[in-house]
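Here is a briefing on a complex.

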Amino acid sequence: MSIDLTLVGQFIVFVTMLLLLKKMLYVPLNDAMEARSKKIEEGLAAADAGLEAKAEAEAAVEAQLAEAKAKAQEIIAAAEKRAAEVKEESMVKARNEAEAIIDAGKEEIFAEANRARQSLREEVADIAILAAEKIVDAELDAKKHAKLIESVVEKGFNAA
Amino acid sequence: MAAEEHSGGIAEHLQYWTYSFQQDIPVDERNPFMQIHVDTMLVTGFVACLILGFAFWFKSRIQAGVPTGVQNAVEALVGFVNDTVRDNFPVHNPIIAPLALTVFVFIFLCNFFDILPAYFLGHVAHALGAPAFRPVPTNDLNLPVAMALTVFAMVIYYELKLKPVHFMKDLLLQPFANLLLMSKNPVVKLLGVLLIPLNLVLKLIEEIAKPLSLSFRLFGNMFAGEVIFLLIASLLLVDNFADMASVGGAISEIMGLLVGLGWSFFHMFIGLLQAFIFMILTVVYLSIAHQPAEH
């Protein structure tokens, strides 16, 4: 049990081993362990980010679905409103057309009646002239006595 | 008489294989420092080559991906050392964890040689012509002292580098002078100045006690373990086949083997524990040196 030059030898062995072990084993292994830890941390962070993105995407989908539903409701309501308007417009148009047809019919009837009345008036005038010729035995000139005949016919109609 | 023979045998097996660098001087006049323990140097050199060879082989197989096989075990060890350093160290210093790892692995492997039968390597060395052979280098005070002095030198270096003023004040003014020098009374102040040498002596004793306790703890435990091995072998194991053939001899031999085996396992645990204690104290001493100075 003595201290001698072995101490110096042991000191050299120990320090050499310390430096070489640090360079050859500790640093490369620690670097590898740190790289792995970093990779795992990044992986976990990416997984967290993925979950977050998934949740965000699901929320966005939910929001879009709600928006689409609201839009669809709006479209349906607008369509229903438009349909009601079209229906109303159609009814108004049909009513107007019907009234127009009725008015046209009435006018036609009125014109036809007028025409018939005129025709009748002329026939009555002719008949009246004939009758008057027979009664007075005198031939009346139609052009010459037209005014007289019309007044007679008018009176006859008014009387009728 | 038997006890004298045994003690003589034990003393013989506690001899080192020494080589003197003063071969031309008579043995009695030689400087005891100018010699080297060949067995200690051989075993530590072998252990160092084993560790560095493993490190060289292992370096090319390190993978940053999923570790397998040996890398798992080495990573567990390095992770354990890293955790120990991280728990005890206030700041990051890139040399501390490798130092702790080297201390732990080196001491543990050196202690591991204690598992060899007590007289085995001595007999082998005798057969090969060597005068003696001590297989456990931690039994040689030179190794623990060399490691403890390395740690001590690092402690002093970091104390002087990180907080030189605080360290010098601590060296000169603690524990007595500081309070006395703060006094306004000139007599008390003078007393404080006079106590500076005493403080220096006390502080130096305190500082030197660190490497001393560090080295002697390891040396004492391992040396005592080896002596107990030799005692068990000397007292219980029989010397020749004639004694072994007798009932008492056979019982003694079996008991010797059992007790030796039990002590061997216990001593392996002691070796592991001592390696851990040396490592943790190294970290703690260096951690104290790195602690910020209190004002």
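Chain B has an average pLDDT of 84, where pLDDT is the predictor's per-residue confidence from 0 to 100. In chain B, 92% of the residues score at least 70. This is a predicted model, in which local features need pLDDT of at least 70, side-chain atom pairs count only at pLDDT 80 or more, and totals for chains, interfaces and linings use all residues. Residues are numbered from 1 along each chain as its sequence is written, while chains are lettered from A and ligands numbered from 1 in the order written.

**Confidence**
- The predictor assigns the complex an ipTM of 0.86 and a pTM of 0.73.
- Residues 1-7 of chain B stay under 50 in pLDDT.

**Contact between chains**
- Chain A contributes 28 residues and chain B 38 residues (contact: C-beta atoms, placed from the backbone, within 7 Å).

**Ala72(A)**
- Ala72(A) sits in helix α1 (residues 5-136) of chain A (helices are DSSP runs of H or I, at least four residues, numbered from the N terminus).
- Ala72(A) counts as exposed because it has 10 C-beta neighbours inside 10 Å (exposed: 12 or fewer other C-beta atoms within 10 Å; buried: 20 or more; partly exposed: in between).
- Ala32(A) is 40 residues from Ala72(A) in sequence and 58 Å away in space, C-alpha to C-alpha.

**Helix pair in chain B**
- Helix α3 (residues 70-88) and helix α12 (residues 247-290) of chain B pack at about 30°, with axes 10 Å apart.
- Thr84(B), Val85(B) and Asn88(B) of α3(B) meet Ile280(B), Val283(B), Val284(B) and Ser287(B) of α12(B).

Notes. Two residues are in contact if their C-beta atoms, placed from the backbone, lie within 7 Å. Helices (H or I, at least four residues) and strands (E, at least two) are DSSP runs, numbered from the N terminus. Axes are lines fitted to C-alpha atoms, for helices over the stretch in contact, and angles run from 0 to 180 degrees between N-to-C directions.
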